Amino acid sequence: MPVRKDTLWESFLKPIVLSFLDQEELRRFYQSKDWEAESDRFCQPNLTYPEYYRSQNFHGIEGGYLNSGAAVSYDPITQYALPPNETWIRQDAINSIGGEPRRILDLGCGTGSTTLLLEKAFPRAEIIGLDLSPYMLVMAAHKAAVAGSKIHWQHGLAEATGFADASFDLVTASLLFHETPERISREILREAFRLLKPNGQVLILDGNQKLLRHSDWLTNVFEEPYIKEYARGSVDAWMGAIGFEAVQTQDIWLVHQASRGIKPLARTTFSTIGDAFPEAIEGFAPA
């Protein structure tokens with residue numbers, strides 16, 4: 001699938017951004033790793049890449065994220081794609097998390113930028129970063145090693161992780177939903193609901209849907225095949241339909257949004273008490 005040349009990124013912004021990057025340093029780093037051998041450490045042999053992922057270009061990168069070059073160029077370019085400051089945006093989303101989650105799963109973790117910030121915010125938590133690109137996981141593991149991090153990195157599908165029910169206190173996803181069809185975004189939220197313990201939290205950071213919906217030029221900056229579909233939707237509504245409660249979306253620096261929801265506590269009804277302890281309601285039946 002050829003890269004589109006008519007996007008704002010390809011025709012105007014890319015040459016400007018590239019002029020700020022140390023391309024020789026990036027080339028040296030790329031050549032310093034055996035990307036195929038290192039990615040093999042993460043690859044799940046039975047994993048099948050879904051059509052929505054393997055058939056598309058993302059960020060104008062031919063082959064999308066199943067491309068070792070994407071792993072090297074992602075961070076240098078993303079710092080300019082998330083105004084006013086990438087770290088501030090990711091940290092502002094993390095600041096909305098309540099309590100002290102002890103087990104955290106970061107879905108679509110990419111090169112681990114949000115995952116590493118989560119570890120700083122919750123140093124006692126066990127944290128897993130999951131991504132569908134083994135090349136991005138190589139980059140995430142490199143950054144983690146430099147930082148002395150203990151994060152565990154895993155190759156897998158965000159919509160079908162294989163982890164046990166009710167096994168996490170917090171599930172996050174950053175800049176993932178605008179790169180998936182709506183039906184997959186909903187499946188990811190259903191998977192998050194399944195994975196969370198009662199009273200656990202989900203946090204979704206992505207582009208501001210209200211702004212994107214009314215700003216065609218923003219949805220045309222990069223070659224993002226699903227961003228218009230994302231812009232038409234509502235993460236709030238998707239969360240509510242799945243069963244999350246206390247759903248809130250806050251704008252972050254106007255261009256971005258963080259959506260948070262809580263998995264409700266299991267409700268104990270009169271009928272379930274009666275089923276479990278029939279003797280408890282003897283004598284209360286109508287005459």
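Where in the chain is the place of Lys 150? In this predicted model, Lys 150 sits in the loop that runs between helix H8 (134–147) and strand S3 (152–155). Its relative accessibility is 78%, and Lys 150 therefore counts as exposed, the cut-off being over 50%. Lys 150 and Leu 116 are 34 residues apart along the chain, and their C-alpha atoms are separated by 9.5 Å.

The chain as a whole contains 14 helices and 7 strands. Of its 287 residues, 51% are buried. The accessible surface of the chain comes to about 14,200 Å², and carbon and sulfur atoms account for 55% of that surface. Contacts between residues at least 6 apart in sequence were also examined: 72% of them join residues at least 24 apart.

Two packed helices are described by the angle between their axes and the distance between the axes.

For H5 and H8, the axes come within 7 Å and cross at roughly 45 degrees. The crossing of H5 and H8 is right-handed. On the H5 side, the contact is made by Ser 68, Ala 70, Ala 71, Tyr 74 and Asp 75; on the H8 side, it is made by Tyr 135, Met 136, Met 139 and Lys 143. By class, the contact of H5 with H8 has 6 nonpolar, 1 polar and 2 charged residues.

Asp 75, one of the H5 residues in this contact, belongs to a helix that spans residues 68–81. Asp 75 has a relative accessibility of 18% and so counts as buried, the cut-off being under 20%. When residues up to four places away in sequence are not counted, Asp 75 touches Glu 86, Thr 111, Ser 113 and Lys 143. Lys 143 is among the H8 residues that meet H5, while Glu 86 and Ser 113 take part in the contact between H6 and H7.

Helix H6 (residues 86–94) and helix H7 (residues 113–121) pack with their axes 10 Å apart and at an angle of about 55 degrees. H6 and H7 are therefore oblique to each other, and H6 passes H7 in a right-handed crossing. The residues of H6 in this contact are Glu 86, Thr 87, Arg 90, Gln 91 and Ile 94. Those of H7 are Ser 113, Thr 114, Leu 117, Leu 118 and Ala 121. By class, the contact of H6 with H7 has 4 nonpolar, 4 polar and 2 charged residues.

H9 contributes Glu 182, Ser 185, Arg 186, Leu 189, Arg 190 and Phe 193 to the contact, and H13 contributes Trp 238, Met 239 and Ile 242. By class, the contact of H9 with H13 has 5 nonpolar, 1 polar and 3 charged residues.

Most residues other than glycine have a negative phi, and most peptide bonds are trans. A cis peptide bond joins Pro 83 and Pro 84, with omega about 0 degrees. Pro 84 lies in the loop between H5 and H6. Positive phi values occur at Asn 199, where phi is near 75 degrees, and at Trp 253, where phi is near 50 degrees; neither residue is a glycine. Asn 199 is located in strand S5 (residues 196–207). Trp 253, in turn, is found in the loop between strand S6 (245–252) and strand S7 (256–262). With a relative accessibility of 45%, Trp 253 counts as partly exposed, because this value lies between the cut-offs of 20% for buried and 50% for exposed residues.

Notes: Residues are numbered from 1 along each chain as its sequence is written. This is a predicted model: local features need pLDDT of at least 70, side-chain atom pairs count only at pLDDT 80 or more; totals for chains, interfaces and linings use all residues. Side-chain values use heavy atoms; hydrogens and water are left out. Contact means heavy atoms within 4.5 Å. Helices (H or I, at least four residues) and strands (E, at least two) are DSSP runs, numbered from the N terminus. Ala, Val, Leu, Ile, Met, Phe, Trp, Tyr, Cys and Pro count as nonpolar, Asp, Glu, Lys and Arg as charged, and the others, Gly among them, as polar. Buried means under 20% relative accessible area, exposed over 50%, partly exposed in between (1.4 Å probe, protein chains only). Accessible areas come from the Shrake-Rupley method with a 1.4 Å probe; for residues, only the protein chains shown count as cover. Axes are lines fitted to C-alpha atoms, for helices over the stretch in contact, and angles run from 0 to 180 degrees between N-to-C directions. Angles under 35 degrees count as roughly parallel, over 145 as roughly antiparallel, 65 to 115 as roughly perpendicular and the rest as oblique. A crossing is left-handed if the near helix is turned anticlockwise from the far one by less than a right angle, and right-handed if clockwise.
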